[in-house]
Amino acid sequence: MRLLVFLFLIVSIVFVFMPLASEQGRKGGDAAFGTRKFEDYERPLACRSCHVDIYEQWAQSMMAQAYTHHWDEIEYFELTVPHAQNVPEMAGKEAGCNGCHTPIAFLAGQAVPPRPEEGTRANEGVSCDICHTIVARTGDPSFNYNYVSEPGRTKYGNRAGVESPHHKTQYLEFMRSADFCGTCHNEKSPFGVWVKSTQLEWKEGPYAKQNVPCQVCHMPQAPGRNATTAATEHPDVAQHLFHGAHDPSKVRGSIEMRMHPSYREAEPGDQVVISVQLFNGKCGHMVPSGSAEERQLWLHVTATDSEGRSYHLPVDRKGFEGEEHTITSNESAYQDMAVMVGDPDFEGLPRDALPEGDRIFCLPYFDPQGRRTVAQWNTASLGPDYRIGPRETKIETYTWTVPDDIPLGIVTVRAELKYRRLVKSVADYLKVPADETESILVNDAETWFEVLD
Ligand code: HEC
Ligand code: HEC
Ligand code: HEC
Ligand code: HEC
Ligand code: HEC
């Protein structure tokens, strides 16, 4: 009997301390580098044999292309890797990219995985078996791939009590949270600067308070079967769309606009003030968010007189510190690329490569020398955050002295809000294919006033 009690005690002690021990053994972030093998993870095609729709949805998303997409390959192999090799302080920084862009290669200990054309498993990017074997994160907040990956038979998800012929299933609250996405959607640079903060922006905004996480907008739910082999339909199957900056239908209309003049009637030589209201009614975070170092969102306003002549109206200044970075300019920028591309004669590129004088909603990134950079890993400080926050309305004004020689009649004033994923001067210099710099019309608005004598 005593022996039984003793055994019971031993067993209880083991059970009490075992989870603690495994908690401590869990690695995330840089500590997880090289702790797994490729064979620990199943290929996305293995999941496809039952989860056909989900696979096809995911395959179109940027997360499936996080390692193979042309601009990712160019930035990584032509800027980051040489930078890490040429500058001692940057040594080793090239490995970190993969913790988010090709987690399996990172966990398997590849500091620089083979190029995409080699067709290795690094190409799987952010795959099914990465997300569905993440069990927790190390530390708070989520950032710099501090997820804990525990590959194996159990796939974690949003449903309790469902059965699969291929694997075990388990409900995991963490998967349904914004903190889960934040492990890769928040990034701190080697200089300690938040260079990606989508989840942190969300957390400060109204959607966190109303418990509307990322999944609601990027994995919308619809009725159906989540596997061809599923026993039943569900009313709320999570669609793996992950649509974002690369999906014009997601970007269009994300900001709504209206505008009006201060007077409906004016004489030549009068001053008219045009106001434009821009409302972010669709996004859970800043617009632009994520890779803010290279995204461009700008407002171009033109007036057209009754004879069809058009005038570009520059935005009124508000007078805040660093405002010059929020008004389009073609001054020289991105000089830090000289050491990355190994060209000492490189003198920089036009900053915005856009008509000057327009408002550009942005978060400027600066290198250690205080120059504008598109290299988030080389970012030592940030300028003023002049992006449009969730449910925020920004007002821009345009004070215009109506020319003395303007013909009488109706003047139409038109505002176009445009979005581009990558600064065109940078793209052209690095020969990034044109689809990355096509501009999308986010929204437009019009107003008018009449010129009388
Ligand atoms: C042989 C068919 C089959 C294969 C292969 C398969 N699954 Fe499943 N999976 C299912 C079925 C069936 C369910 C349960 C569906 C239901 O009833 O909702 C399921 C459920 C899931 C769930 C939901 C679990 C939960 O608790 O919410 C996840 C996540 C999942 N699978 C991921 C994967 C991943 C990742 C792979 C590839 C590594 C994979 N599956 C391969 C058939 C399969
Ligand atoms: C393991 C890391 C990781 C996790 C976890 C992760 N993401 Fe991502 N995500 C990425 C990377 C890397 C990219 C960029 C891919 C590229 O363009 O190279 C990305 C891209 C995206 C995009 C596309 C943006 C565009 O440019 O079009 C969306 C949307 C997105 N993720 C949403 C989510 C949501 C929602 C979650 C949580 C349910 C999530 N992600 C979890 C790594 C991750
Ligand atoms: C209320 C809906 C909503 C919520 C909640 C939401 N998003 Fe978005 N997200 C959008 C829309 C709309 C866009 C497209 C406009 C844009 O690019 O900013 C977008 C764009 C993005 C992009 C591309 C940003 C860029 O400019 O490159 C990423 C990445 C992203 N979301 C990730 C997330 C993550 C991670 C979360 C949770 C922390 C989240 N989103 C929460 C609606 C939402
Ligand atoms: C970026 C992370 C991520 C990737 C990549 C990903 N999933 Fe998911 N998946 C999720 C999240 C998060 C949920 C739960 C969504 C929710 O609760 O709204 C989910 C839910 C599911 C479900 C249950 C859907 C339901 O509502 O019944 C299945 C099945 C599934 N995923 C399979 C897959 C397969 C197969 C792949 C690859 C083709 C894949 N997932 C890729 C994050 C991911
Ligand atoms: C903490 C996770 C994380 C790390 C580390 C990281 N990235 Fe990313 N990266 C992302 C996410 C998430 C996005 C998508 C954001 C968005 O769409 O706005 C992204 C987007 C990009 C893009 C833009 C893709 C496009 O087509 O617009 C490039 C290029 C890129 N990353 C390269 C790199 C390089 C090079 C490194 C290493 C120096 C790196 N990333 C490190 C998460 C990360």
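View 1. Of the 24 residues around ligand 4, the nearest are Cys47, Cys128, Cys131, Asn158 and Ala238. A residue is near a molecule if its C-beta atom, placed from the backbone, lies within 6 Å of it. Two or more shell residues come from each of H2, helix H3 (52-60), H7 and strand S8 (234-238). Helices (H or I, at least four residues) and strands (E, at least two) are DSSP runs, numbered from the N terminus. By class, the shell of ligand 4 holds 14 nonpolar, eight polar and two charged residues. Ala, Val, Leu, Ile, Met, Phe, Trp, Tyr, Cys and Pro count as nonpolar; Asp, Glu, Lys and Arg count as charged; the others, Gly among them, count as polar. This is a predicted model, in which local features need pLDDT of at least 70, side-chain atom pairs count only at pLDDT 80 or more, and totals for chains, interfaces and linings use all residues. Residues are numbered from 1 along each chain as its sequence is written, while chains are lettered from A and ligands numbered from 1 in the order in which they are written.

**View 2. Surroundings of ligand 1.** Ligand 1 is surrounded by 27 residues, and Cys47, Cys50, Gly157, Arg159 and Ser164 are the closest. Helix H2 (44-48), helix H7 (128-131), strand S3 (154-157) and strand S4 (168-171) each give two or more residues to this shell. S4 gives the most, with three residues. The shell of ligand 1 divides into ten nonpolar, twelve polar and five charged residues.

**View 3. Surroundings of ligand 3.** Around ligand 3 there are 28 residues, the closest being Cys214, Cys217, Gly244, Ala245 and Gly284. The elements with two or more residues in this shell are helix H8 (178-185), helix H9 (198-204), helix H11 (214-218) and helix H12 (248-251). The shell of ligand 3 has 13 nonpolar, twelve polar and three charged residues.

**View 4. Packing of helices H4 and H5.** The axes of H4 (residues 70-86) and H5 (residues 93-101) come within 8 Å and cross at roughly 150°. Axes are lines fitted to C-alpha atoms, for helices over the stretch in contact, and angles run from 0 to 180 degrees between N-to-C directions. H4 and H5 are therefore roughly antiparallel (angles over 145 degrees). H4 contributes Asp72, Tyr76, Thr80, Val81 and Ala84 to the contact; H5 contributes Lys93, Glu94, Cys97 and His101. Two residues are in contact if their C-beta atoms, placed from the backbone, lie within 7 Å. This contact has four nonpolar, two polar and three charged residues.

**View 5. A three-stranded open sheet.** The strand order is S9-S11-S19, with antiparallel pairing. Strands pair if DSSP finds at least two bridges between them. Strand S9 (255-261) and strand S19 (393-401) stand at the edges with a single partner strand each, so one side of each lacks a neighbour in the sheet. Neighbouring strands are turned by 20° against each other on average, direction ignored. Seven bridges join S9 and strand S11 (residues 271-280). Met259 has Val276 in S11 as its bridge partner.

**View 6. The loop at Gly269.** Gly269 lies in the loop between strand S10 (265-266) and S11. Beyond its neighbours within four places in sequence, Gly269 is in contact with Thr401, Val402 and Asp404. Its C-alpha atom is separated by 74 Å from that of Ala231, 38 residues apart along the chain.

Technical notes. Angles under 35 degrees count as roughly parallel, over 145 as roughly antiparallel, 65 to 115 as roughly perpendicular and the rest as oblique.
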